Amino acid sequence: MTQRVRFKNLERFGFGPNVMKKLRVCSRCGQIVRSRAKTCFDCGERLPKETLFDRYKRKHLKCQNCDTVLTADSLYCSNCGNLLIKGEKTI
Ligand SMILES: [Zn+2]
Ligand SMILES: [Zn+2]
């Protein structure tokens, strides 16, 4: 549940998952660009395929079952209740 609240707050600041899916980051200058654009408006570099949300997902823990992004200390998925299996961590 805390997960969703956090996402809601993020959305308010302009960085919810739905917003992040529409944004990409320029690999050259780091500018955040709308994903419709093909090149960075700042430096003209071709933009990578992955969106800001893809990058975010790669860096964070996510549910193998439903793809919900979760915090690193989550034990269960807040969306589907799936028990999360953590790769390297030994508790
Ligand atoms: Zn750029
Ligand atoms: Zn899930």
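The questions below go through residue classes and contacts in a predicted model.

Q: What elements does the chain contain, and in what order do they run?
A: The chain has 3 helices and 4 strands. From the N terminus, the order is α-α-β-β-α-β-β.

Q: What share of the residues in the chain is buried?
A: Of the 91 residues, 10% are buried. To be counted there, a residue needs 20 or more other C-beta atoms within 10 Å of its own.

Q: Why is Cys-80 called exposed?
A: Cys-80 has 11 C-beta neighbours inside 10 Å. The exposed class takes residues with 12 or fewer, so Cys-80 counts as exposed. Its place is in the segment after β4 (69–70).

Q: Which residues does Cys-80 touch, leaving out those up to four places away in sequence?
A: Cys-80 touches Cys-63, Asn-65 and Cys-66. A contact requires C-beta atoms within 7 Å. For Cys-80 and Cys-63, which are 17 residues apart along the chain, the C-alpha atoms are separated by 8.6 Å. That figure is taken between C-alpha atoms, whereas the contact cut-off applies to C-beta atoms.

Q: What makes Asn-79 partly exposed?
A: Asn-79 has 15 other C-beta atoms within 10 Å. Partly exposed lies between the exposed limit of 12 or fewer and the buried limit of 20 or more, so a count of 15 puts Asn-79 in that class. Asn-79 is in the segment after β4.

Q: Which residues are in contact with Asn-79, beyond its neighbours within four places in sequence?
A: They are Cys-63, Cys-66 and Thr-68.

Q: Why is Glu-50 called partly exposed?
A: Within 10 Å of Glu-50 there are 15 other C-beta atoms. Glu-50 lies in the loop between β2 (32–34) and α3 (52–59). Glu-50 and Val-25 are 25 residues apart in sequence, and 8.4 Å apart from C-alpha to C-alpha.

Q: Why is Asp-67 called exposed?
A: Asp-67 has 11 other C-beta atoms within 10 Å. With the limit at 12 or fewer, Asp-67 is therefore exposed. Asp-67 sits in the loop between β3 (61–62) and β4.

Q: What is the phi of Asp-67?
A: Phi is positive there, about 75°, although Asp-67 is not a glycine.

Q: How do you know that Asn-18 is exposed?
A: Its count is 10 other C-beta atoms within 10 Å. The exposed class covers 12 or fewer, so Asn-18 is exposed. Asn-18 is in helix α2 (residues 17–20). The C-alpha atoms of Asn-18 and Phe-53 are separated by 8.3 Å, although the two are 35 residues apart along the chain.

How values were computed. Residues numbered from 1 in each chain as written. Chains lettered and ligands numbered in written order. Predicted model: local features only at pLDDT ≥ 70, side-chain atom pairs only at ≥ 80, totals over all residues. Helix = DSSP H or I, 4+ residues; strand = E, 2+ residues; numbered from the N terminus. Contact = placed C-beta atoms within 7 Å.
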